[in-house]
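This report describes selected features of one protein model. Please consult the sequence and the coordinates shown below while reading.

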Amino acid sequence: MSAAPSVWKQPAQVWAVAFACVVAFMGIGLVDPILPAIAESLQATPVETELLFTSYLVVTGLAMLVTSWISSRIGAKATLLVGLALIVVFSLLCALSGSVDAVIGFRAGWGLGNALFISTALATIVGAASGGSSAAIILYEAALGLGIAIGPLLGGILGEASWRGPFFGVVVLMAIAFVAVAVLLRGPAPARTPIPFSAPFRALGRPALAILAATALFYNIGFFTLLAFSPFPLGFGAMGIGLTFFGWGVALAITSVWVAPILLRRMRLTSVLLLALPLLAVDLLVAAFVVDSPVGLVICIVVGGLVLGVVNTALTEAVMEATDLPRSVASSAYSAVRFLGGAVAPPLAAFLWHAAGAGVPYVMATVSVLIAAACVLFGRRALAHVDQAHPTIADEGAAVLVGDAA
């Protein structure tokens with residue numbers, strides 16, 4: 001019996017896209033350590049500062065609905081390059097801005113580039129990776145975890161000099177990613193099948209995908225409360241925030257790449273979600289009670305990263321297997337809804353902080369994550385085919401990991 005192909009032995013074009021994914025996900029956390037500095041330097045309120053996430057995520061989510069339509073007409077490579085180019089341009093404009101309103105606006109343009117890139121990148125990796133869809137998802141989640149881990153650390157280092165530093169850092173890194181994709185993503189382009197503009201909207205009419213999208217919407221409120229709001233009550237400088245969220249990102253990477261596949265081999269996919277989501281709710285509730293203790297809050301943030309890695313991988317696998325739709329359509333429809341959930345959380349958390357205290361945003365996040373768990377619990381019948389297909393997916397993932405160890 002021949003060994004399964006290693007998840008790490010991939011064609012050059014897969015590595016090019018994976019590297020660009022690392023850089024793209026770095027962009028999410030890169031801004032995190034400088035949020036208090038931006039608020040101080042540009043004389044902005046925390047609510048205004050949190051709109052840096054909202055403008056970015058709203059545009060990312062809405063644009064996700066048309067990315068499959070665009071990529072099916074101009075091709076995956078062109079879509080990836082346009083997305084990367086937009087991120088370079090708008091991150092440079094952010095770095096050169098003189099007001100918080102300008103940064104908020106340019107972050108929206110950045111979100112458009114991010115949408116074109118991220119949804120196309122996942123479909124590209126799944127289609128080109130050796131070892132099947134499970135190997136591709138592991139690789140994608142590894143890129144996500146690495147990017148989210150490195151982003152805050154680099155943001156903290158560059159942010160010590162100036163709040164503009166992380167934005168200039170994104171310009172350089174995304175330019176490198178652009179060159180990598182342009183040079184390494186070669187070979188004959190697959191035949192294009194134009195996807196109707198309405199495809200992602202109709203996709204959300206599929207019960208399984210709709211349930212997963214609703215789950216992700218409420219889950220992302222918890223995710224981005226932890227990521228985007230926590231820098232304010234922590235009270236650290238840029239480097240302290242960067243190191244905290246570096247630990248968070250490393251924890252997320254470890255569980256998404258190594259722990260989640262083990263759980264998914266031994267349990268039904270919905271069972272993994274129903275285990276992880278309540279654990280995340282407990283962690284967020286504890287954060288509400290220890291919010292005045294920097295040490296306690298740091299522990300909750302890092303523990304939250306451990307749980308988030310499991311949920312991310314489980315949801316990604318579920319979406320890829322939930323329907324018979326093209327993966328780019330399923331990814332676009334699902335991602336549109338989940339990013340809109342993330343867009344709501346940061347300014348709402350900042351508003352609740354000033355209205356009722358620093359612990360209240362975490363209580364709100366706790367309730368939201370429990371609603372996400374309820375979506376899975378009450379939607380289990382519609383997700384039954386995902387659970388039934390899961391042993392095949394899990395066996396494939398196990399074979400890939402065994403092949404790595406051989």
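The sections below treat the basis of the values, the nonpolar core, the cavities and several individual residues.

## Basis of the values

The model is predicted: local features require pLDDT of at least 70 and side-chain atom pairs count only at pLDDT 80 or more, whereas totals for chains, interfaces and linings use all residues. Residues are numbered from 1 along each chain as its sequence is written, and side-chain values rest on heavy atoms, with hydrogens and water left out.

## Nonpolar core and Phe167

The largest nonpolar core has 125 residues, and Phe167 and Trp248 touch the most other members. A nonpolar core is here a set of buried Ala, Val, Leu, Ile, Met, Phe, Trp, Tyr and Cys residues joined through side-chain atoms within 4.5 Å. Buried denotes under 20% relative accessible area, exposed over 50%, and partly exposed the range in between, for a 1.4 Å probe and protein chains only.

Contact means heavy atoms within 4.5 Å. With residues up to four places away in sequence not counted, Phe167 touches Val31, Ile34, Ile38, Ser91, Cys94, Ala95, Val103, Arg107 and Trp110.

## Cavities

At least two lining residues of the largest cavity come from each of helix 1 (12-30), helix 5 (100-128), helix 6 (132-159), helix 9 (207-229), helix 13 (294-322) and helix 14 (327-356). Helices are DSSP runs (H or I, at least four residues), numbered from the N terminus. By class, the lining has 16 nonpolar, 6 polar and 2 charged residues, where Ala, Val, Leu, Ile, Met, Phe, Trp, Tyr, Cys and Pro count as nonpolar, Asp, Glu, Lys and Arg as charged, and the others, Gly among them, as polar.

## Buried polar residues

Ser91 belongs to helix 4 (residues 76-95) and counts as buried because its relative accessibility is 0%. A polar atom of its side chain lies 2.6 Å from the backbone oxygen of Ile87 and 3.1 Å from that of Val88. These are polar contacts, defined as pairs of N or O atoms within 3.5 Å; within protein, one must be able to donate a hydrogen and the other to accept it, and residues adjacent in sequence count only if both atoms are side-chain atoms. Beyond four places in sequence, Ser91 touches Trp110, Phe167, Val170 and Val171.

Ser55, in helix 3, is buried at 13% relative accessible area. A polar atom of the Ser55 side chain lies 2.8 Å from the backbone oxygen of Ile104. Excluding neighbours within four places in sequence, Ser55 is in contact with Ile104, Arg107 and Ala108. Asn220 lies in helix 9 and is buried at 4% relative accessibility. With the same exclusion, Asn220 contacts Arg338, Phe339, Gly341 and Gly342. Asn220 and Leu308, 88 residues apart in sequence, are 9.9 Å apart in space, C-alpha to C-alpha.

## Partly exposed and exposed residues

Gln13 lies in helix 1 and counts as partly exposed at 25% relative accessibility. Its contacts, not counting residues up to four places away in sequence, are Leu184, Leu185 and Arg186. Ile371, in helix 15 (residues 360-378), is partly exposed at 34%.

Gln43 is located in the loop between helix 2 (35-41) and helix 3 (46-74) and is exposed, with a relative accessible area of 74%. Phi of Gln43 is near 50°, a positive value in a residue other than glycine. Most residues other than glycine have a negative phi.
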